[in-house]
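This report goes through selected parts of one structure, from ring pairs to a sheet and helices. Please keep the sequence and the model open while reading.

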Amino acid sequence: MIQIQQFFKTIQDSIYNPKFYAGIVKQPISKAFKYFFLLTLFLTIVHVLSLSPILFNQVPNQARQLEQQIVTGYPEELKVQIHKGQVTTNVAEPYFIALPSQTASSSSSLDHLVVIDTKTPFSLDQFRQYKAYVWLTKDSAAYYAPDNAGEIRVFELAKIDNLNIDKNYVKSLASKLDPWINWLGLGLLVVISLGIYLVYSFRLIQLLILAALIFVLGKILITKLTYKQAYTVSLYAITLGLILELIMDLVSSFSGGVPNLPFMVTLITLGVVFFNFRTNSSS
């Protein structure tokens, strides 16, 4: 409990306490690193907790809805066989599978989820004409990359030796995946937590530049700091900027009305240094 209280007291001092800043330049830099990593861990936890209702409620519910729509939307008559990387079907081609209602959008330029055409040679122009997310060809599956609008990727089916897909197969696959949907939120929670903490860790590189600016600022304020001391100061002085950045991100995610300000964290950090060391230099 005492350590927790001391941690929050350090957060408060890092925002404004000239005597605190006068003392930290004499401390080992390892202590500043420890504080920085505890601070970013705390901010990561706060950020992730704000996402918990979405990750543990909305995401699994939407996944189940999409799963159900895929099962009900798969045509009763359609059978697809992939044997030694070659696709055959029992339907007239090209054969189109409609988008699930949850995915369909009037703003989308695509009208179909999948088109099956094993007769026509693949071409980008033909794919665009089909207006489908996926084109199952004779020996591959072409699709629009979800992370890059407009980019088309191709997955070769050569490694698939024997696979038969029909309505019963889709139902069976969905029943096997269904228990894992309960863990989807937790899995995303872990991945997002690691991602956010990694992003915070990259701030250490930004602080290399900030420390140089603080070193110059110290000369202006008649505060003699070595570069190492300036870097130590930056590990504390960035506190307010990171907190305000998190608050703005959370407000923006819920309201969508707060724009990101360029160099906000840098400017706030320099401001913290200025006001804390100006007091020291004038006393």
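Tyr130 and Trp135 are both buried, where buried means under 20% relative accessible area, exposed means over 50%, and partly exposed lies in between, with a 1.4 Å probe and protein chains only. For Tyr130 the relative accessible area is 10%. Tyr130 and Trp135 also form an edge-to-face aromatic pair, at 5.2 Å centre to centre and with 85° between the planes. Rings of Phe, Tyr and Trp (its six-membered ring) pair if their centres lie within 6.5 Å; planes under 30 degrees apart count as stacked, over 60 as edge-to-face and the rest as tilted.

The model is predicted, so local features need pLDDT of at least 70 and side-chain atom pairs count only at pLDDT 80 or more, while totals for chains, interfaces and linings use all residues. Residues are numbered from 1 along each chain as its sequence is written, and side-chain values use heavy atoms, with hydrogens and water left out.

How many aromatic pairs does a search of the whole structure find? The search finds 18. In one of them, the ring centres of Phe96 and Tyr130 are 5.7 Å apart and the planes stand at 70°, so this pair is edge-to-face. Phe96 belongs to strand S3 and Tyr130 to helix H4 (residues 124-130), so the pair ties together parts that are 34 residues apart in sequence. Helices (H or I, at least four residues) and strands (E, at least two) are DSSP runs, numbered from the N terminus. Phe96 is partly exposed, at a relative accessible area of 33%.

One aromatic cluster is formed by Phe7, Phe8, Phe20, Tyr21, Tyr35, Phe42, Tyr236 and Phe277.

## The sheet

Five strands form an open sheet with mixed pairing, in the order S3-S4-S5-S6-S7. Its edge strands, S3 (95-98) and S7 (152-156), each pair on one side only. Two strands pair if DSSP finds at least two bridges between them. On average, neighbouring strands of this sheet are turned by 20° against each other, direction ignored.

S3 pairs with strand S4 (residues 112-116) in the antiparallel sense, over four bridges. Opposite Tyr95 stands Ile116 in S4.

## Two helices in contact

Helix H3 (residues 29-73) and helix H8 (residues 227-237) have axes that come within 9 Å and cross at roughly 25°. This makes H3 roughly parallel to H8; angles under 35 degrees count as roughly parallel, over 145 as roughly antiparallel, 65 to 115 as roughly perpendicular and the rest as oblique. Axes are lines fitted to C-alpha atoms, for helices over the stretch in contact, and angles run from 0 to 180 degrees between N-to-C directions.

On the H3 side, Ile29, Lys31, Ala32, Phe33, Tyr35 and Phe36 make the contact, and on the H8 side Lys228, Tyr231, Thr232, Leu235 and Tyr236 do. Contact means heavy atoms within 4.5 Å.

## Two buried helix residues

Thr239 is in helix H9 (residues 239-255). Is Thr239 buried or exposed? Thr239 is buried, with a relative accessible area of 0%. Not counting residues up to four places away in sequence, Thr239 touches Ile11, Ser14, Ile15, Tyr35 and Leu39.

Leu189 lies in helix H6 (residues 184-201) and counts as buried at 16% relative accessibility. With residues up to four places away in sequence left out, Leu189 touches Val48, Ser52, Leu55 and Phe56. From Leu189 to Thr232 the separation is 43 residues in sequence and 32 Å in space, C-alpha to C-alpha.
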